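Thanks for coming, everyone. Please look at the chain on the screen, and I will walk you through it.

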Amino acid sequence: MAEVQDKFLSVVIPIFCEANHLPEVLGAVRSSLDQCDLPYELVLVDDGSSDNTWDVIAAGAKTSSNVRALRLSRNFGKEAALCAGLEHARGDAVILMDADGQHPPSLIPEMVRAWKTSGVDIVEAVKTYRGREPLADKFGALLFYFLLNRLSGFDFKGSSDFKLMNRKAVNAWLRMHERNVFFRGMTVWMGFKSMQVPFEVAPRAAGRSTWSLLKRLKLALTGITAFSWFPLQLVTLAGAIFLIFSVLIGAETLYLKLSGRAVSGFATVILLELIIGSFLMISLGIIGEYVARIYEEVKGRPRYIVAESIEPADRTAAS
């Protein structure tokens, strides 16, 4: 195996309203990075936090020369924050992780060691245990990944945003410019040589998750529409089935009419109208999801806007 020496690490951490426990998490990250015996930088992306997260980041940057920080103009979402971090990271390898402590920093040395010795392009931390969470959340996650695996043809089981990517993989990822970002799906799609490192999701350092049901549903729709056109094919298939069904019903109705045995079928007509009408509305909704994705891409707006930044060289903020 090729040995990786004298390389530079970047650790990208998107942050949203994590001020209370951020110093503790960053301290654990630094401690683990010190074990890797490689120079590194922390790329911290404040995704429009409403608390004093940016003040905590700025205060920490004053005492450290290896912090690069970005403050987004509003909450663009975790996927956009990951994009911002990747686009500003300068390392030969980039580690991406969450700021809530559920991605254990203690796993970083193992990931770096695997990158150094195995020659793979991506080291992915895979969940073996999702931790304590509501039953509805677990069921929703299982259903989402079951559908995504079946519809996309890729294996996303246990996947997470906690991973190490070498510079080749990062540069390839940066060449994908879609606005509707599903990070873990895009890294799987690239197909680079990878290996998996198992981990158990740790309890949150503090507070509660800001991932609401609506945000989860939006991410699920983005993932499915970005990696599968099967829902559109399903509309076509269902239309063909309804066509065959309508031809059979029409033939039967014509036969009964010509044979003089036609009967009143008002209830049947109403029921068929309701079924067909519901199917049409659902079909329009599916098509509308894909049209909305196209609309977002065609507008060409930036994924995010940086309001302030802190560079490790001069530690000064720029608007």
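First, the ground rules. This is a predicted model: local features need pLDDT of at least 70, side-chain atom pairs count only at pLDDT 80 or more, and totals for chains, interfaces and linings use all residues. Residues are numbered from 1 along each chain as its sequence is written, and side-chain values use heavy atoms, with hydrogens and water left out.

Now the overview. The chain has ten helices and nine strands. Those are DSSP runs numbered from the N terminus: helices are H or I with at least four residues, strands are E with at least two. Of the 319 residues, 41% count as buried. Buried means under 20% relative accessible area, exposed means over 50%, and partly exposed is in between, with a 1.4 Å probe and protein chains only.

Next, salt bridges. The rule asks for a side-chain nitrogen of Lys or Arg within 4 Å of a carboxyl oxygen of Asp or Glu. By that rule, the count is twelve.

Take Asp121 and Lys168, with their closest N and O atoms 3.4 Å apart. Asp121 sits in the loop between H4 and strand S5 (122-129), Lys168 in helix H6 (residues 167-174), 47 residues apart. Asp121 is buried at 8% relative accessibility. Lys168 is partly exposed at 49%.

Glu124 and Lys163 form another, at 3.3 Å, N to O. This pair joins strand S5 to strand S6, 39 residues apart. Glu124 is buried at 10%, and Lys163 is buried at 1%.

There is also a network of salt bridges: it links Glu41, Arg68, Arg90 and Glu311.

On to the aromatics. There are two aromatic pairs. Here, rings of Phe, Tyr and Trp (its six-membered ring) pair if their centres lie within 6.5 Å; planes under 30 degrees apart are stacked, over 60 edge-to-face, the rest tilted. One of the pairs is Phe162 with Phe199: edge-to-face, 5.7 Å centre to centre, 85° between the planes. Phe162 is in the loop between helix H5 (135-152) and strand S6 (163-166), and Phe199 is in strand S7 (residues 194-200), so the pair ties together parts 37 residues apart in sequence. Both Phe162 and Phe199 are buried.

Last stop, helix H4. Why is H4 described as largely enclosed by the rest of the structure? Because eight of the eleven residues of H4 (residues 108-118) are buried. Among them are Met111, Trp115 and Lys116.
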